[in-house]
Amino acid sequence: MASLPEPIIALTAALARLPGIGPRSAERLALHLVQSDAGTVRTLAEAILAARERISLCRVCGALTERQPCTLCDDPRRDASIVCVVERPTDIFSIEKSGAFHGRFHVLGGKISPLNGVGPEDLRIADLEARLGTEPIQEVILALGTDVEGDATGHYLAKRLAPRSVKVSRLAHGLPAGSGLEFADELTLSRALEGRTNL
């Protein structure tokens with residue numbers, strides 16, 4: 001059986017390093033690209049390079065942006081008294097899609113994970129505290145993952161921010177819309193019961 005030429009193997013390996021793309025998908029993409037029109041491939045390559053060169057992190061909140069500060073920080077219609085703390089810049093897109101939040105954001109840049117060598121000093125916690133001193137922030141909403149590291153980071157932040165005159169809350173954890181109880185794990189059910197609201 002003939003093996004693939006080295007450039008295709010190298011392209012497949014590069015594509016396989018992207019999130020959500022396994023070895024088979026990477027190979028299919030690589031084979032598609034090498035058989036595509038050169039102009040199409042060049043346009044794709046230029047778009048990737050342009051996005052990488054033009055997009056940076058907002059110096060205020062840490063969101064992905066093309067300008068400083070980002071449009072979320074610069075929008076006077078957003079509620080500057082509420083800041084939603086997220087782990088990654090991409091988490092902002094998920095919250096924005098809901099259309100339910102109209103405040104500002106702060107990206108931590110990760111979560112506390114001693115096993116991976118990530119401590120509080122490796123995150124943008126000091127930047128958040130600096131914002132509390134210069135912005136009219138009254139509430140910090142912790143929108144972190146529900147895994148062990150996310151919970152630990154949330155508890156650490158709540159304790160660290162406790163001396164400040166700011167309300168610290170976290171997103172409610174519960175059942176996904178349109179799903180039955182049989183699909184929920186024990187932890188999700190437990191948190192859904194704890195976070196129940198009156199009707």
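This is a short tour of a predicted model, one selection at a time.

Residue numbers start at 1 in each chain and follow the written sequence. In this predicted model, local features need pLDDT of at least 70 and side-chain atom pairs pLDDT 80 or more, while totals for chains, interfaces and linings use all residues; side-chain values use heavy atoms, without hydrogens and water.

**Stop 1: the sheet**

Select strands E4, E3, E5 and E6. These 4 strands form an open sheet in that order, with parallel pairing. Strands here are DSSP runs (E, at least two residues), and helices are DSSP runs too (H or I, at least four), both numbered from the N terminus. Two strands pair if DSSP finds at least two bridges between them. Now look at the edges, where strand E4 (103-107) and strand E6 (167-170) stand. Each has a single partner strand, so one side of each is left without a neighbour in the sheet. From one strand to the next, the twist averages 25° (axes are lines fitted to C-alpha atoms; angles run from 0 to 180 degrees between N-to-C directions).

**Stop 2: along the pairs**

Select E3, residues 79-86. Of its 8 residues, 6 are buried, so E3 is largely enclosed by the rest of the structure. Buried means under 20% relative accessible area, exposed over 50%, and partly exposed in between (1.4 Å probe, protein chains only). E3 pairs with E4 in the parallel sense over 5 bridges. Find Val86; Val107 in E4 stands opposite.

Move to E5, residues 139-143. E5 and E6 pair in the parallel sense over 4 bridges. Ile141 has Ser169 in E6 as its bridge partner.

**Stop 3: two rings**

How many aromatic pairs does a search of the whole structure find? It finds 1. Select Phe101 and Phe105: the pair is edge-to-face, 5.2 Å centre to centre, with 65° between the planes. Rings of Phe, Tyr and Trp (its six-membered ring) pair if their centres lie within 6.5 Å; planes under 30 degrees apart count as stacked, over 60 as edge-to-face and the rest as tilted. Phe101 counts as buried at 13% relative accessibility. Phe105 also counts as buried, at 1%.

**Stop 4: a helix residue**

Select Leu132, in helix H6 (residues 125-134). Leu132 is buried, at 13% relative accessibility.

**Stop 5**

Finish at Leu64, in strand E2 (residues 64-65). At 40% relative accessibility, Leu64 counts as partly exposed.
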